[in-house]
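Colleague: I would like to learn how to read a few local features of a model, and I would be glad to go through them slowly with you.

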Amino acid sequence: MESGGRPSLGQFILLGTSSVVTAFLFSVYRQKAQVAQELKGAKRIHLGEDLKSILSEAPGKCVPYAVIEGAVRSVKETLNSQFVENCKGVIQRLTLQEHKMVWNRTTHLWNDCSKIIHQRTNTVPFDLVPHEDGVDVAVRVLKPLDSVDLGLETVYEKFHPSIQSFTDVIGHYISGERPKGIQETEEVLKVGATLTGVGELVLDNNSVRLQPPKQGMQYYLSSQDFESLLQRQESSVRLWKVLTLVFGFATCATLFFILRKQYLQWQERLRLKQMEKEFREHEAQLLSQAKPEDRESLKSTCVVCLSNFKSCVFLECGHVCSCTECYCALPEPKRCPICRQEIARVIPLYNS
């Protein structure tokens, strides 16, 4: 706290930062909780012969948020892996990621850093079909790249380390960046893989489509089953809830600390004003009872001990109110008994 009783700049920054972080965490927690609640309320529909009849009886021949599980089947052609033989899929993602060490000038440590320098995703139309044979029903999956959880499987991964000369090493140390190499990755959604789709299920011209839902709900095409997907979302909600509670408690504790210090300083100021009032009354009473020749000496006595003469000038406030012995006896940090301002320096006062 500052001497004037106001919160310090550091305390304002601490309180403001913790409040902003708490508000951000609470916002994320609410979003995660809403997503989990919407996912829990999604209608589970079996991919079977009665699928079209269920959708035809639904309002608008549409289920706004449905869960359906099936096997991946390409509509026409398939995508072949560039690195793995006999690996066919309907979505292929090729990624080149650069890895390097970057010098942190604050911590004076080398930190791992990576960034994607190239990424290409290829897709072909595909359906979800039942695992059972002899069931003639399929769900066409639209806009698969819009899903937040695309169940791709990594089929190839290789790291190509950087080859550096001695001159390159010296240059990298000077620049603060040391390349480690390039990581090449291929991910594929394989034909025949089990996929859990969560989105809008629509019956249109005797064909069934799974597409991104409306009203801002999440679109999923996950390799996990629905129970695992829901459990993962609920675990994320619990994590963000705990973080929100921790930072919320820290914010409340900081606010309580600041208000408590303010209250204690307010009580201290009231106590000092009361002491000053009592001293003035006592001084006025002594002056009224004293003989005329003793009144001048009473005005020059120390306000602390009321016996010795005033012999100190306090700076920067300029009050002359104490003797040298009482000044030395003041607790640290030494403050003026009159105005409670911190004493920067003392000038001796000599009475002639």
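This is a predicted model: local features need pLDDT of at least 70, side-chain atom pairs count only at pLDDT 80 or more; totals for chains, interfaces and linings use all residues.

Colleague: Let us begin with the backbone: which residues other than glycine have a positive phi?

Modeller: As a general idea, most residues other than glycine have a negative phi, and most peptide bonds are trans. Here, asparagine 86 has a positive phi of about 55° although it is not a glycine, and it is found in the loop between strand S3 (79-80) and S4. Glutamine 215 likewise has a positive phi, near 65°, and its place is in the loop between strand S12 (207-211) and strand S13 (220-222).

Colleague: Are asparagine 86 and glutamine 215 buried or exposed?

Modeller: Exposed means over 50% relative accessible area; asparagine 86 therefore counts as exposed at 78%, and glutamine 215 counts as exposed because its value is 75%. Glycine 89, in strand S4 (residues 88-104), has a relative accessible area of 0% and is therefore buried.

Colleague: And where are the cis peptide bonds?

Modeller: One joins leucine 315 and glutamate 316, with omega at about 25°, and glutamate 316 is placed in the loop between strand S14 (312-315) and helix H6 (324-329). Another runs from glutamate 332 to proline 333, where omega is near -10°, and proline 333 lies in the loop between H6 and strand S15 (345-348).

Colleague: How should I read a pocket, and what is the volume of the second largest pocket?

Modeller: The general idea is that rolling a probe the size of a water molecule over the atoms shows where empty space is left. In this model the second largest pocket has a volume of about 280 Å³.

Colleague: Which residues lie nearest the centre of that pocket, and how is its lining divided by class?

Modeller: The lining consists of 12 residues, with Met275, Glu276, Val303, Val304 and Pro337 nearest the centre; by class, the lining has 8 nonpolar and 4 charged residues, and no polar ones.

Key:
Residues are numbered from 1 along each chain as its sequence is written. Side-chain values use heavy atoms; hydrogens and water are left out. On a 1 Å grid over the protein atoms alone, a cavity is a set of points where a 1.4 Å probe fits but cannot get out, and a pocket is an open set with protein on both sides within 12 Å along at least five of seven lines; lining residues have an atom within 4 Å of a point. Grid points are joined across faces, edges and corners, and a volume is the space filled by probe spheres set on the points. Ala, Val, Leu, Ile, Met, Phe, Trp, Tyr, Cys and Pro count as nonpolar, Asp, Glu, Lys and Arg as charged, and the others, Gly among them, as polar. Helices (H or I, at least four residues) and strands (E, at least two) are DSSP runs, numbered from the N terminus. Buried means under 20% relative accessible area, exposed over 50%, partly exposed in between (1.4 Å probe, protein chains only).
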